[in-house]
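Q: Please take a close look at the interface between the two chains of this predicted model. What holds the chains against each other, and which parts contribute?

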Amino acid sequence: MHEYSLVSALVQRAEAEARTRRATAVTRLRVRIGALAGVEPELLASAFTLCREGLLRDASLEIETAEAVWACPSCDTALAAGAVLRCPGCGLPARLVSGDELMLEQIEMEVP
Amino acid sequence: MCDSCGCGDPHKVSLDVQERILSVNDRAARHNREHFAAAGVLAVNLMGSPGAGKTALLEATAARLADRRRLGAIAGDLETERDAERLRAARVPTAAITTGSACHLDAEMVHAALDRVAWRELDYLFVENVGNLVCPAVYDLGQAVNVVALSLTEGEDKPLKYPVMFRKADLVLLTKLDLLPHLDVRVEAVKDALARVMPDLALVPISARSGVGMAEWIAWLEARRAGLERGAAAHGQLHAHPHA
């Protein structure tokens, strides 16, 4: 359940940003979570609801998800989900194009 | 106060951040990594389920390496210092991290534990992570390599169930191989599952008890360590400056 530690990182980061901008509240955070980030979006959402505090106590969390996309680093052939992660043509180990994102994208706040 | 109409409502401001949620941990990990590289220490993040045989593996590793290499360890557990005590008994100076309820180690915990082990003198620093196939994979500790211990008894499909952990692995050790005759588990099936989550598949079937696979594991470690030294020498030639 590392989702709580992620929420605490999010809250601290957004609080710091809100203070430097003299915001009265943080209203929304947008995050992007890849399928291979090791984070369960539902757990993150419930951890956020339980642990938001301070300037974030009424904030909502918008979670964008990203599928895992694998491709050959040489010829860019995409590999199907569940396939062996080697290019059938070149034999090279596949490269993860997207899917490991664990990003804070946007902070929305109220500024007087 | 609203500037445009004077209505008194606060403005909503959206700020684009585009930053890793774990950027604080990433910074601490980078700091650890610079320390280890400058001191020529190969830091190994050893992960795996509870009971996968991580401590037994380190004990057997120490028995084969301790006469020619300086080993040290940081052992993370929710409760007790038992793993650390076993490693100390195997002549591996070990700092224990008791995490309480935390399911993983993070870079700052590792950094704090460095005060309790003479890590600058080492050739290898093994970080035995908390037994867990999920959370430890998310946190960079500043290690040079990730090694995952997967025991034969955990079944053939574990890699498919925990792709995040196995994707991060530089090497998977298939432990407790001595149990093979007693189980309906095929090494080939484990290999096939791994190939679907780990692009540059590296698997060593191993038994700390019988010793099979130990030579290959030690050779893998030594090759990584030699690579670290070559990298450090090249770095020294590039620009000779002291590291803090």
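A: Two strands are said to pair if DSSP finds at least two bridges between them. In this predicted model, strand 6 (residues 102-111) of chain A and strand 1 of chain B pair in the antiparallel sense over eight bridges. Within this pairing, Leu104(A) stands opposite Glu19(B) of strand 1 of chain B.

The contact surface involves 31 residues of chain B and 38 residues of chain A. Together the chains bury about 3,000 Å², with 59% of that area on carbon and sulfur atoms. On the chain B side, Leu15(B), Ile21(B) and Pro199(B) supply 23% of the area buried against chain A, more than any other three residues.

Polar interactions also occur across the interface: 14 residue pairs, both members at pLDDT 80 or more, are in polar contact between chain B and chain A. The elements that give two or more residues to the side of chain B touching chain A are strand 1 (11-20), helix 6 (163-168) and helix 7 (187-195) of chain B. Strand 1 of chain B provides the largest share of that side, ten residues. By residue class, the side of chain B that touches chain A divides into 19 nonpolar, four polar and eight charged residues.

Three salt bridges are counted between chain B and chain A. A salt bridge links Arg86(A) with Asp200(B), where the closest N and O atoms are 3.4 Å apart.

Terms used: Residues are numbered from 1 along each chain as its sequence is written. Chains are lettered from A and ligands numbered from 1 in the order in which they are written. This is a predicted model: local features need pLDDT of at least 70, side-chain atom pairs count only at pLDDT 80 or more; totals for chains, interfaces and linings use all residues. Side-chain values use heavy atoms; hydrogens and water are left out. Contact means heavy atoms within 4.5 Å. Buried area is the accessible area (1.4 Å probe) that two parts lose on being put together, summed over both. A salt bridge is a side-chain nitrogen of Lys or Arg within 4 Å of a carboxyl oxygen of Asp or Glu. A polar contact is a pair of N or O atoms within 3.5 Å; within protein, one must be able to donate a hydrogen and the other to accept it, and residues adjacent in sequence count only if both atoms are side-chain atoms. Helices (H or I, at least four residues) and strands (E, at least two) are DSSP runs, numbered from the N terminus. Ala, Val, Leu, Ile, Met, Phe, Trp, Tyr, Cys and Pro count as nonpolar, Asp, Glu, Lys and Arg as charged, and the others, Gly among them, as polar.
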